[in-house]
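Please go through them with the viewer beside you.

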Amino acid sequence: SSLARVVSAPRAKQPWWMGSQCTHGSQDGKLKCDTVALLVSGRRGPFPSYRFNGIYGSVQSSECLFRRLDRPEVSIQLQGQDWRCEIQGKEIARRWAALVADKSKTHDNGVAGDAADEVCAHVIEEADCFLPDHFVFMMAFPLPATERKLVVCKKSTARHCFRTVSIADHWEVRTLDELRPPIPCLYGKIEQALTSARIADSEVVSHYQLWGEPGTADNLTDLVQGSLPNCGILAAVDAFGHTDPLAAFGSVLQSDTASGQGSITARLYNPFHRCAVEWPMGILWSSKQTEYSKCDTLGVPRIEVAAGTCVPRYAKSMSGRCWGMLLEAAMAELAGGYDHLGRCEPGVAWLALAGPTVSIERYKRQPRCSKWECFTPALPPAKQGTSKVLASASERARAWQRADNWRLKPNWCLDDPAVETLLETAVTQGLPVCLCPQGFKQPHPEQGEPSVILPKCFTENPGRGVSKQRFLVGHAYSVRAVFREQCQPQGAGETSESKLWLRLRDPRTVRLFGVPWQAVLHDAAECHCSIHIC
């Protein structure tokens, strides 16, 4: 694995944001290392608006000014309940009282009045116009519960302000009981969340719980994609257990305490041989020769976070429940490292979760014709028994990669209408389904990740609240539900037709949305699309 090695504290240097000077315009002072951290995520779009995403720290001279840790030229300024985000003086996002409309007006997301503007941030799009982005979310993270010597990645070097650097150079590993859960910035109101986070720092020592209160586990808030490009894995997890995460994954993460703060044992399947594997979590860090890890035992979950904060590097949770982060960590240990989770298809995750009990099919459309081919995993016969010891990291990585191979099902193909019926039937029957519109667009330095403008709705009634927004291609989504829109006949004597809509979950965001299936297939994927059914 190419996972950055953790070295001993005496060799580590402080991240530049913990004690470096900021010189943007007037002197702002030093970025605080004893304050809450603000995480902004979910924004996708053209430069510079997508630079709104990141981890922010406040400046010592003002608790109302926050700067991105890896891009200090990007700042967020608070003014009461309002805020604005700027990059080198250019405003790129905001929540401003001037945007709040009359309560009698219904916005394009189906929400009336000022509630529609408070629910989302407004970001710069083409022609320097501010448009609502319903997928941006913010979280305020309190400080870690304990202070200790900093242990950061080996590549840590001194950095200067306003140089484009990667925050990935400055991550540290902490045990779960050292971390505190975030406070979501509801309706874009940052000030209340920051106040709650500062109170948590000084008065209340709150910790993550594995599952929380019975019946409260929720994929939408407990499992949000981090910096790893593993949308296929997280979309598969969401599709597999969104109806009841505890029932679906309760046997995967087993804790020796009710709160989940003790030792945790993971139980998954070798995705290639499909034999069960049990092991105490923490194997990724057990061989790291540091002063910190020497005193720890296996079974204690560890999470990589931005140095000096509680912001996880990988999967995140908007609640106090940590099962989503630990499930991703368990899969990373099974795969031989986090790097092997990137750019995987959903089928590998389903094999790791359920082993020989599932049957997986992938339907892939050929771009130059209207036919869909069916593929099944190219696997040997399943092995029996349960292993209590993990294989070496290289063997685990090899098994993970071999499970991502497919075998063409001979003499089998479907046309577009048949696949639409198959998709609707599978989702209606409650089968886990993932959608991967590959398309042909490529990332661009100025335009950001490849995307197209599609009609979206945030209600189950597509006739109301439809707006055109960005839809990422080359990305994986879980299909939560399907519904049909009755279309009016175009002329006399014609019969009315219905249009299939998909209700999707993007692992990077915390809000479900609906899109027309035909728009996804033809406009977004450009007929280069695959469907995964478990």
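1. Let me begin with caution. Where pLDDT is low, the predicted coordinates should not be read in detail.

2. On the ground rules: this is a predicted model, in which local features need pLDDT of at least 70 and side-chain atom pairs count only at pLDDT 80 or more, whereas totals for chains, interfaces and linings use all residues. Residues are numbered from 1 along each chain as its sequence is written, and side-chain values use heavy atoms, with hydrogens and water left out.

3. Now the chain as a whole. Its mean pLDDT is 79, and 77% of the residues reach 70 or more. There are 12 helices and 28 strands, taken as DSSP runs (H or I of at least four residues for helices, E of at least two for strands) and numbered from the N terminus. Of the 534 residues, 56% count as buried; buried means under 20% relative accessible area, exposed over 50% and partly exposed in between, with a 1.4 Å probe and protein chains only. Among contacts with a separation of 6 or more, 68% join residues 24 or more positions apart.

4. Phe 141 and Ala 37 are 104 residues apart in sequence, but their C-alpha atoms are 5.1 Å apart in space. Beyond four places in sequence, the contacts of Phe 141 include Val 36, Leu 39, Arg 180, Tyr 208 and Cys 310.

5. Next, please look at H4 and H9. Two packed helices are described by the angle between their axes and the distance between the axes. The axes of H4 (residues 231-241) and H9 (residues 346-354) come within 7 Å and cross at roughly 55°, which makes H4 oblique to H9. Axes here are lines fitted to C-alpha atoms, for helices over the stretch in contact, and angles run from 0 to 180 degrees between N-to-C directions. Angles under 35 degrees count as roughly parallel, over 145 as roughly antiparallel, 65 to 115 as roughly perpendicular and the rest as oblique.

6. What does this pair bring together? Gly 232, Ile 233, Ala 236, Val 237, Ala 239 and Phe 240 of H4 meet Pro 346, Ala 349, Trp 350, Leu 353 and Ala 354 of H9. By class, the contact of H4 with H9 has 10 nonpolar, 1 polar and no charged residues. For these classes, Ala, Val, Leu, Ile, Met, Phe, Trp, Tyr, Cys and Pro count as nonpolar, Asp, Glu, Lys and Arg as charged, and the others, Gly among them, as polar.

7. Both partners are well covered. In H4, 10 of the 11 residues are buried, so this helix is largely enclosed by the rest of the structure. For H9 the count is 9 of the 9, so H9 is largely enclosed too. Gly 355 follows H9 and has a positive phi, near 60°.

8. Asn 230 counts as buried at 0% relative accessibility. Setting aside residues up to four places away in sequence, Asn 230 touches Gln 225, Glu 328, Leu 341, Gly 342 and Arg 343.

9. Compare the next pair in your viewer. The axes of H8 (residues 323-335) and H10 (residues 393-402) come within 7 Å and cross at roughly 105°, which makes H8 roughly perpendicular to H10. Met 331, Glu 333, Leu 334 and Ala 335 in H8 meet Arg 396, Ala 397 and Trp 400 in H10. These residues divide into 5 nonpolar, no polar and 2 charged.

10. Last, H11 (residues 416-428) and H12 (residues 517-524) pack at about 130°, with their axes 11 Å apart, which makes H11 oblique to H12. Asp 416, Glu 420 and Leu 423 in H11 meet Trp 517, Gln 518, Leu 521 and His 522 in H12. Asp 416 is buried at 14% relative accessible area, and its contacts beyond four places in sequence also include Arg 365, Ser 370 and Trp 372.

Terms used: pLDDT is the predictor's confidence in each residue, from 0 to 100. Contact means heavy atoms within 4.5 Å.
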